[in-house]
Amino acid sequence: MTDQNLARGVFLAAVSLAFGLGAYIDYPLGTFNRAGPGLFPLMVSSLLLLIALAMIVRSRFVAQVPMHFNMKNIGLLMVALCGFAALSKLLDMAVGITFMVFVAGFAATSYSFKRNCIISASLIAVAFGFQHLLGLNLPLF
């Protein structure tokens, strides 16, 4: 499979099916009036599957793009995710989020300190919202 567009669609469909089938098999779905814990993941994975199918169909009508992997970017993203997990556990989730955003920013085509600050602040605000509005136990400050 050398077509990058087709590979993206197939990968997204596989992820969607894995989560959708997991939700369908492992959790009760309930009804739309009284949703069970498996209904929301099943609905989201179904929408993701529709997007994946559209990508697969679209890949047949556009020019093929050869597959290529940028190992530097893959490595940077792995370091960013592992650093987020380690720093969130050892220090604080806000430190982990900031580290992740700034390290992953090096994988972009252009590095922007201002953009990274805005993204970090936005993600920390979302984490605070999850902590205070939803009552999640997140290690923030």
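**Figure 1. Phe 84 and its contacts in a predicted model.** Leaving aside neighbours within four places in sequence, Phe 84 is in contact with Met 93, Gly 96, Ile 97, Phe 99 and Met 100; contact means heavy atoms within 4.5 Å. The model is predicted, so local features need pLDDT of at least 70, and side-chain atom pairs count only at pLDDT 80 or more, while totals for chains, interfaces and linings use all residues. Residues are numbered from 1 along each chain as its sequence is written, and side-chain values use heavy atoms, with hydrogens and water left out. Phe 84 has its place in helix H3, which spans 71-90. Helices are DSSP runs of H or I with at least four residues, numbered from the N terminus. The relative accessible area of Phe 84 is 21%, so Phe 84 is partly exposed. Buried means under 20% relative accessible area, exposed means over 50%, and partly exposed lies in between, with a 1.4 Å probe and protein chains only. Phe 84 and Met 100 are 16 residues apart along the chain, and their C-alpha atoms are separated by 5.4 Å.

**Figure 2. Ser 88, a residue of helix H3.** The side chain of Ser 88 reaches the backbone oxygen of Phe 84 at 2.7 Å. A polar contact is a pair of N or O atoms within 3.5 Å; within protein, one must be able to donate a hydrogen and the other to accept it, and residues adjacent in sequence count only if both atoms are side-chain atoms. Ser 88 counts as buried because its relative accessibility is 11%. With neighbours within four places in sequence set aside, the residues in contact with Ser 88 are Gly 83, Met 93, Gly 96 and Pro 139.

**Figure 3. The largest nonpolar core.** This core has eight residues: Met 93, Ala 94, Ile 97, Val 101, Ile 124, Ala 127, Leu 138 and Leu 140. Helix H4 (93-104) and helix H5 (113-133) each supply at least two of its residues. The largest share, four residues, comes from H4. A nonpolar core is a set of buried Ala, Val, Leu, Ile, Met, Phe, Trp, Tyr and Cys residues joined through side-chain atoms within 4.5 Å. In soluble globular proteins, nonpolar side chains tend to be buried together. Ile 124 is in contact with Ala 94, Ile 97 and Thr 98, leaving aside its neighbours within four places in sequence.

**Figure 4. Gly 38, in the loop between helix H1 (4-26) and H2.** Gly 38 counts as buried because its relative accessibility is 0%. Not counting residues up to four places away in sequence, Gly 38 touches Ala 23, Tyr 27, Pro 28 and Leu 29. Leu 21 is 17 residues away from Gly 38 along the chain, with 9.8 Å between the two C-alpha atoms.

**Figure 5. Leu 49, a residue of helix H2.** Setting aside neighbours within four places in sequence, Leu 49 is in contact with Ala 13, Ser 16 and Leu 17. The C-alpha atoms of Leu 49 and Leu 17 are separated by 7.2 Å, and these residues are 32 apart along the chain. Leu 49 is partly exposed because its relative accessible area is 23%.

**Figure 6. Asn 5, found in helix H1.** With a relative accessible area of 14%, Asn 5 is buried. Beyond its neighbours within four places in sequence, Asn 5 is in contact with Met 55, Ser 59, Val 62, Ala 63 and Val 65. Ala 108 is 103 residues from Asn 5 in sequence and 20 Å from Asn 5 in space, C-alpha to C-alpha. Ala 108 lies in the loop between H4 and H5 and counts as partly exposed, at 35% relative accessibility.

**Figure 7. A nonpolar surface patch.** Met 67, Phe 69, Met 71, Ile 74 and Met 78 make a patch of about 530 Å². Patches are made of residues with over 30% relative accessible area and no salt bridge; like charges are joined within 9 Å, and nonpolar side chains (Val, Leu, Ile, Met, Phe, Trp, Tyr) within 5 Å. A salt bridge is a side-chain nitrogen of Lys or Arg within 4 Å of a carboxyl oxygen of Asp or Glu. Accessible areas come from the Shrake-Rupley method with a 1.4 Å probe; for residues, only the protein chains shown count as cover. Met 67 lies in the loop between helix H2 (39-59) and helix H3. Met 67 is partly exposed because its relative accessible area is 34%.
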